[in-house]
Amino acid sequence: MSLIEQYPISVYNSLTKQKEVFKPLVEDRVGMYVCGPTVYSDVHLGNVRTFLSFDIVFRYLKFLGYKVRYVRNITDVGHLVGDADEGEDKIAKKARLEEIEPMEVVQKYTNGFHDVMQLFNIQAPSIEPTATGHLIEQIEFIKKIIENGFAYEKDGSVYFNVRKYNEAHQYGELSGRNVDDMLSNTRTLAGQDQKADPLDFALWKKAEAGHLMHWPSPWSEGFPGWHLECSAMSTKYLGQSFDIHGGGMDLKFPHHEAEIAQNKGCHHAGGANYWIHANMLTVNGRKMAKSEGNGFTPEELVTGNHKLLERGYSPMTVRFFMLQSHYASTLDFSNEALQAAEKGFRRLMASVQLIDKLPAAGTGKVSQEKSEELKGFIDQAMQDLSDDFNTAKAIASLFEISSKVNTYYQNPSELAEIDAEAFDFATTKFKAIINDVLGLVSETENAAQNNVLEGAMEVLINLRKEAKFSKDYALSDKIRDDLKTVGIQLKDEKGGETSFTID
RNA sequence: GGCGUUGUGGCCGAGUGGCUAGGCAGAGCUCUGCAAAAGCUCGUACAGCGGUUCGAAUCCGCUCAACGCCUCCA
């Protein structure tokens, strides 16, 4: 029985607003599209959370044995600069500010984005298409929507006709809005722009004089609308219908709503069967966002160089911290919470490393009950992961195994009662879930594996042993305390051996 | 105003109609020359008010509080 059959996934589908059993269109294969970053500034921690959430989905699907094509775009055409800025391309604006080529901005922040993804051990998608690389596809997409009568041209720009679309389909099916409500809400705001209706949105926009990024099209020299790229690229790489579409909660409306409308307006299929939305990272209860001034870059996070940070936190600590909550819940950041996560993470990883130091299992009278209990934690963790990717719950089971491992180390007679096969199964899966699914890796291993350091530590440990042997506790304690102040913790083990860990 | 979400013990955070979430912090004990680490034990939490039910933190209603999105326009 394959893992896919053994642990069927259920997922909360934003489109139907209920938890559903996940069934891909093609057996054992999954197509997933996630809205990527707009590369006009550094990503902050809130962005990281979204991409981490889908990293888990990606990793877990693969872990179960699915073949996954994961497409995550790079938005390099640029959207509107928020707040006060008046209708100017985000990237063009930034470019003029820094007096460099728009594509230079794009390259710089794309590189930066990749660095951040790597820092947090977030895997690269299968395909990472750019909007500027798919102008032709987008233009063709618009042509079809016009042909189908759901879009119109006005002065070189093309707009999606929401009202017309709504006659044949349902605009607002994802976000739970209806056209009439929206119309009555905006009647007073309807400006004198080119749109025939305030609800309409741009598919193609004619470039104003001085606009830096523009391309030729049948309608004008201009650029594509900001919802379009995802429709065009998901269709190209995953097909008109595919399995999963993900993104941040804040993209649900209007972005994803428009995407569905464009898809149906073009080829009648709405795109993804399952929509997954990751929730926001908050700081003191407020969404982390540039405009709030409460976002920090990964660099600030690691160094602790930010007014909200008491000190630095390692990337894996942050990753673990985020995985301790469910992706669909808001997660509130605080120094206290991060410090708690740091300790918990270390505890978990310490037990992973302890497994290799354990004696053989099953050397005594084997208890089936205890052996099954151990395997049960793995089973539970898998079930939890299959239950809407509940990493928080799965981690609870992992800590149970962690405790068991510690017990076995301290009391080998307990391990003697565990069936060797069961032990091997549980510990192998334990490591695999931590490393492959949760993407957590030890941050101390490399330092500890340094040969020179190992040698020096052996010298110190032996010196201390001699001091202890001659009951010179003042000296032995000094060695230990002084090492502690430089970040090395000595531990006197059961058998008289001494080990060390690096903070 | 519309749509959606949330409110859990000192902190962070899972959660199912009845059975211990888990992590961190705190208390006690064990081990230890002393530490550290680890193990064991402990707190009986679920915004408020009603209702459904044999039984609800978990279902329904109301109230309060908080948060997110809302056609801007490129």
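Modeller: Happy to! Two strands pair if DSSP finds at least two bridges between them. Helices (H or I, at least four residues) and strands (E, at least two) are themselves DSSP runs, numbered from the N terminus. This is a predicted model, in which local features need pLDDT of at least 70 and side-chain atom pairs count only at pLDDT 80 or more, while totals for chains, interfaces and linings use all residues. Residues are numbered from 1 along each chain as its sequence is written, chains are lettered from A and ligands numbered from 1 in the order in which they are written, and side-chain values use heavy atoms, with hydrogens and water left out.

Let's look closely at a spot flagged in a record. An unreviewed UniProt entry places a "binding site" at Cys35, Cys230, His255 and Glu259. These four span 225 residues in sequence, yet no two of their C-alpha atoms are more than 11.0 Å apart, so they gather at one spot. UniProt positions follow the numbering used here, feature names are shortened, and annotations may be inferred rather than shown by experiment.

Start with Cys35, in the loop between strand S3 (29-34) and helix H2. Cys35 is buried, with a relative accessible area of 6%. Here buried means under 20% relative accessible area, exposed means over 50%, and partly exposed is in between (1.4 Å probe, protein chains only). Not counting residues up to four places away in sequence, Cys35 touches a set of residues including Cys230, His255 and Glu259, where contact means heavy atoms within 4.5 Å. Also among the residues it touches are Phe51, Arg72, Asn73 and His256.

Now take Cys230, which is found in helix H8 (residues 228-238). Cys230 counts as buried too, at 1% relative accessibility. Leaving aside neighbours within four places in sequence, its contacts are Tyr33, Cys35, Asn73, His255 and Glu259.

Cys230 is in no disulfide, and the nearest cysteine sulfur, that of Cys35, is 3.8 Å away. The sulfur of Cys266 is 15 Å from the closest cysteine sulfur, in Cys230, which is too far for a bond. Cys266 is also buried, with a relative accessible area of 8%.

UniProt (unreviewed entry) puts a short sequence motif, the 'HIGH' region, at residues 37-47. The end C-alpha atoms of that span lie 8 Å apart, and the span is 27% helix and 0% strand.

Further on, Asp55 lies in helix H2 (residues 45-64). At 0% relative accessibility, Asp55 counts as buried. Its side chain is joined to that of Arg319 by a polar contact of 3.0 Å. A polar contact is a pair of N or O atoms within 3.5 Å; within protein, one must be able to donate a hydrogen and the other to accept it, and residues adjacent in sequence count only if both atoms are side-chain atoms. Beyond four places in sequence, Asp55 is in contact with Asn121, Ile122, Gln123 and Arg319.

Next, back to strand pairing. Strand S11 (residues 281-283) and S12 run antiparallel and are joined by 2 bridges, with Thr282 having Lys287 as its bridge partner in S12. They belong to an open sheet of 3 strands in the order S12-S11-S13, with mixed pairing. Strand S12 (286-287) and S13 stand at the edges with a single partner strand each, so one side of each is left without a neighbour in the sheet.

Strand S6 (residues 157-160) pairs with S7 in the antiparallel sense over 3 bridges, and Phe160 stands opposite Phe201 in S7. S7 is also joined to strand S8 (residues 222-224) by 3 bridges, again antiparallel, and the bridge partner of Lys206 in S8 is Gly222.

Pro198 sits between helix H7 (179-186) and strand S7 (201-206). Pro198 is partly exposed, at 39% relative accessible area. Pro198 and Asn161 are 37 residues apart in sequence and 9.8 Å apart in space, C-alpha to C-alpha.

Note on methods: A disulfide is a pair of cysteine sulfur atoms within 2.5 Å.
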